[in-house]
Amino acid sequence: MTLDTAMPRTNLLGLTREEMEAFFVSLGEKKFRAAQVMKWIHHEGCDDFESMTNLSKALRTRLEELAEVRGPRVVYEGASEDGTRKWVLEVEDGSYVETVLIPAEGGKRRTLCVSSQVGCSLDCSFCSTGKQGFQRNLTSAEVIGQVWVASNSFGARRDSTNRPVTNVVMMGMGEPLMNYNAVVPAMKLMLDDNGYGLSKRRVTLSTSGVVPMIDKLGDELDVSLAVSLHAANDELRNELVPLNRKYDIATLLDACRRYLAKCDDTRMLTIEYTLIKDVNDQQRHAQELATLLGDLPCKINLIPFNPFPHSGYEKPSRNQVMRFQQWLEELGHTAPVRMTRGDDIDAACGQLVGRVKDRTKRHERYIQSIQLDAD
Ligand code: SAH
Ligand code: SF4
């Protein structure tokens with residue numbers, strides 16, 4: 001009997017510049033090959049070594065044997081009337097994740113909302129991703145693969161004058177700081193000139209408050225930080241974001257202050273606040289929030305709750321959202337309302353991949369109940 005001893009091929013898509021250099025050095029090649037191949041992959045969208053014409057024929061043949069450029073498979077691509085695009089991607093093992101591209105400022109800004117995990121273990125009470133439980137972490141290739149797929153869909157070669165994706169927010173499925181080892185390399189690729197060349201202010205990591213990882217992130221990167229607060233007292237936040245029982249609000253805001261202090265430029269924290277009818281949308285909540293945040297340099301993003309079946313919560317009226325915004329502004333806080341976009345393709349926050357059919361089955365294998373919309 002012969003055993004198949006073929007080594008798995010290295011997927012170059014998720015390698016940072018340092019990792020790519022180490023890979024070429026291990027082949028006895030010069031380090032600069034890394035930049036050449038990264039440009040083919042991330043600037044040209046190329047997944048075929050044969051087309052990488054500035055590499056010798058011998059090196060191309062070797063790469064074909066040892067390596068690959070493998071992105072997620074596009075299962076569904078949808079475009080909404082407001083210009084929002086959405087992809088459902090199949091990652092290894094047949095799981096699905098979702099990526100959404102949201103245009104703004106007449107198409108000058110295009111923000112990609114990237115997922116970090118299949119499902120999420122943190123079980124926030126108002127989040128449909130939380131309802132599916134945790135399935136697995138994405139690899140760095142699967143995280144950056146979302147930026148790659150979205151950029152490739154615009155066809156043309158990209159460089160500093162042509163960026164199909166101008167901003168990235170890690171606000172898709174999953175908690176990015178629970179998948180630190182894949183998310184950080186992927187974010188390094190977003191920032192790298194041979195990758196996507198985005199400025200650190202245009203790459204935002206959103207967290208529900210994994211305090212030790214906020215500190216760790218601050219030692220390595222200074223991307224923009226968004227924190228999902230949703231409540232200004234521990235009693236209510238414990239209910240909405242169970243992770244608060246481990247890291248309470250004061251501990252979380254201290255970590256945010258430390259993070260901002262490590263950035264070498266003046267930085268604002270983004271506070272995400274999902275407004276849920278009669279739960280956290282009253283005047284006393286606005287007052288409590290304004291007092292809590294005090295003079296912390298931040299802006300508050302108000303996100304009207306996106307309902308999904310059996311969530312047990314309701315969306316506040318438009319008037320109530322406007323009132324809440326006004327209360328905060330009167331108390332000296334900037335509080336833009338993040339409008340729901342792409343509703344017609346289910347691209348709105350908290351509606352990723354599918355819909356929860358039955359709240360009582362929240363930890364069942366959610367993927368079995370997904371309905372890929374617009375089929
Ligand atoms: N896990 C990270 C990032 C993904 S969630 C985090 O929690 O920050 C991205 C944002 O969408 C978070 O602020 C989250 O609280 C919010 N969100 C989740 N479900 C929502 C819903 N149904 N309606 C509105 N916002 C929601
Ligand atoms: Fe996870 Fe974020 Fe959803 Fe909470 S809001 S369950 S942390 S994805």
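## Polar contacts of ligand 1

In this predicted model, an N or O atom in the side chain of Glu175 lies 3.3 Å from a nitrogen atom of ligand 1. Thr274 places a polar side-chain atom 3.2 Å from a nitrogen atom of ligand 1. From the backbone, a polar atom of Asn306 is 2.9 Å from a nitrogen atom of the ligand. A polar contact is a pair of N or O atoms within 3.5 Å; within protein, one atom must be able to donate a hydrogen and the other to accept it, and residues adjacent in sequence count only if both atoms are side-chain atoms.

Ligand 1 exposes 530 Å² when taken alone, and the protein buries 95% of that. Such accessible areas come from the Shrake-Rupley method with a 1.4 Å probe; for residues, only the protein chains shown count as cover.

## The shell around ligand 1

Ligand 1 is surrounded by 21 residues, where near means that a heavy atom of the residue lies within 4 Å. Gly174, Ser206, Ser228, His230 and Asn306 are the closest. By class, the shell holds 9 nonpolar, 10 polar and 2 charged residues. Ala, Val, Leu, Ile, Met, Phe, Trp, Tyr, Cys and Pro count as nonpolar, Asp, Glu, Lys and Arg as charged, and the others, Gly among them, as polar.

## The shell around ligand 2

Cys120, Leu122, Asp123, Cys124, Cys127, Gly130, Gly174, Glu175 and Ser208 are the residues around ligand 2. They divide into 4 nonpolar, 3 polar and 2 charged.

Helices are DSSP runs (H or I, at least four residues), numbered from the N terminus. Helix H9 covers residues 249–262, and its 14 residues should span 20 Å at 1.5 Å a residue, which agrees with end C-alpha atoms 20 Å apart. The expected span is 1.5 Å times one less than the number of residues. Its buried residues (under 20% relative accessible area, 1.4 Å probe, protein chains only) are Ile249, Leu252, Leu253, Ala255, Cys256, Tyr259 and Leu260. These residues lie on the same side of H9, because they cover an arc of only 155 degrees around the axis. The arc is that of the directions from the helix axis to the C-beta atoms. On the other side of H9, Ala250 and Ala261 are exposed, that is, over 50%.

In helix H10 (residues 283–293), His285, Ala286, Leu289, Ala290 and Leu293 are buried. Their arc around the axis is only 130 degrees, so they sit on the same side of H10. Arg284 and Thr291, on the other side of H10, are exposed.

## Conventions

Residues are numbered from 1 along each chain as its sequence is written, while chains are lettered from A and ligands numbered from 1 in the order in which they are written. Local features need pLDDT of at least 70, side-chain atom pairs count only at pLDDT 80 or more, and totals for chains, interfaces and linings use all residues, with side-chain values using heavy atoms and leaving out hydrogens and water.

Notes. Helix = DSSP H or I, 4+ residues; strand = E, 2+ residues; numbered from the N terminus.
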